[in-house]
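Have your viewer ready and follow along, one selection at a time. Each stop says what to pick and what is there.

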Amino acid sequence: MRSVFILGAVFFILFSCSNAKKEVSVATNNSVKIDAKKWPKKTPVTRKAREILETWPEYNAFTSSFDPLYKVEEIEDIILVIEDLIEKQKLLEKSKYPEEFNTPQIKSRQKIVLTYLLKTKGDLQNRVKAENSILELIDANNAMRNQFNVILNNPLDNKLILDEK
């Protein structure tokens, strides 16, 4: 009877150890590869808008920090890029806007970009699939870049429309 108990204890220990090894191997293989090549590219800005944006150093720092997002390969890389983008976006928000882009349309697009930056950061921290958040972030950034083009190509004078005499 005693030998059956000892034999059962040995089998129990062996099965317990083998399960622990499997869990460790699963945890080490949790690294996910990212394929950023199929993400939408940045919307180009017109020459006229580019000339104005080149004089805005905070925007240039933000957009140059956005470029590494397309070169990431793993989740850890995305986390670093997103944290850097959040810091650059905060500096951009406090900066002096060029006169042509000091409009509610640009500022609201910028807040939307911040919202999706924070959403992506939350998804990454919670280990939720963040690809949808990243795509929304790219779309929000493209909408802000497109808004620069729209403002400069708008033939209507907003002062006449908004003037209520």
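This is a predicted model: local features need pLDDT of at least 70, side-chain atom pairs count only at pLDDT 80 or more; totals for chains, interfaces and linings use all residues.

Residues are numbered from 1 along each chain as its sequence is written, and side-chain values use heavy atoms, with hydrogens and water left out.

**The whole chain**

Start with a cartoon view. The protein chain has seven helices and zero strands, and from the N terminus on its elements run α-α-α-α-α-α-α. Helices (H or I, at least four residues) and strands (E, at least two) are DSSP runs, numbered from the N terminus. Of the 165 residues in the protein chain, 31% are buried. Contact here means heavy atoms within 4.5 Å. Among contacts in the protein chain with a separation of 6 or more, 78% are between residues 24 or more positions apart.

**Helices H5 and H6**

Select H5 and helix H6 (residues 131-153). Their axes come within 8 Å and cross at roughly 170 degrees, so H5 is roughly antiparallel to H6. Axes are lines fitted to C-alpha atoms, for helices over the stretch in contact, and angles run from 0 to 180 degrees between N-to-C directions. Angles under 35 degrees count as roughly parallel, over 145 as roughly antiparallel, 65 to 115 as roughly perpendicular and the rest as oblique.

The crossing of H5 and H6 is left-handed. A crossing gets that label if the near helix is turned anticlockwise from the far one by less than a right angle, and it is right-handed if clockwise. Now show side chains: the contact includes Ile106, Val113, Tyr116 and Leu117 of H5, and Leu137, Ala140, Met144 and Phe148 of H6. Colour the contact of H5 with H6 by class and you get 12 nonpolar, six polar and four charged residues. In that scheme Ala, Val, Leu, Ile, Met, Phe, Trp, Tyr, Cys and Pro count as nonpolar, Asp, Glu, Lys and Arg as charged, and the others, Gly among them, as polar.

**Helix H3 against H6**

Tyr59, Phe62, Thr63 and Phe66 of H3 make the contact with Leu137, Ile138, Asn141, Met144, Arg145 and Phe148 of H6. By class, the contact of H3 with H6 has seven nonpolar, two polar and one charged.

**Two buried residues**

Is Asn141 buried or exposed? Centre on it in helix H6: Asn141 is buried, with a relative accessible area of 1%. Leaving aside neighbours within four places in sequence, Asn141 is in contact with Lys42, Phe62, Phe66 and Val113.

Next pick Leu69, in the loop between H3 and H4. Leu69 is buried as well, at 0% relative accessibility. Beyond its neighbours within four places in sequence, Leu69 has contacts including Trp39, Val81, Ile134 and Leu137. Draw a distance between the C-alpha atoms of Leu69 and Val81: these residues are 12 apart along the chain, and the atoms are separated by 6.3 Å.

**Salt bridges**

A salt bridge is a side-chain nitrogen of Lys or Arg within 4 Å of a carboxyl oxygen of Asp or Glu. How many salt bridges does this rule give? The count comes to five, and three of them are worth a stop.

- Select Asp67 and Lys42, whose closest N and O atoms are 2.7 Å apart. The pair links distant parts of the chain, 25 residues apart: Asp67 is in the loop between helix H3 (57-66) and helix H4 (75-94), and Lys42 in the loop between helix H1 (2-28) and helix H2 (47-53). Asp67 is partly exposed at 32%, as is Lys42 at 22%.
- Move to Glu51 and Arg47, with closest N and O atoms 3.0 Å apart. The two are four residues apart in helix H2, so about one helical turn separates them. Glu51 is partly exposed at 44%, whereas Arg47 is exposed at 60%.
- Finish with Lys111 and Glu93, at 3.5 Å between the closest N and O atoms.

**Last stop**

Select Arg127, in the loop between H5 and H6. Phi of Arg127 is near 60 degrees, a positive value in a residue other than glycine. Arg127 is exposed, with 59% relative accessibility.

Conventions:
Buried means under 20% relative accessible area, exposed over 50%, partly exposed in between (1.4 Å probe, protein chains only).
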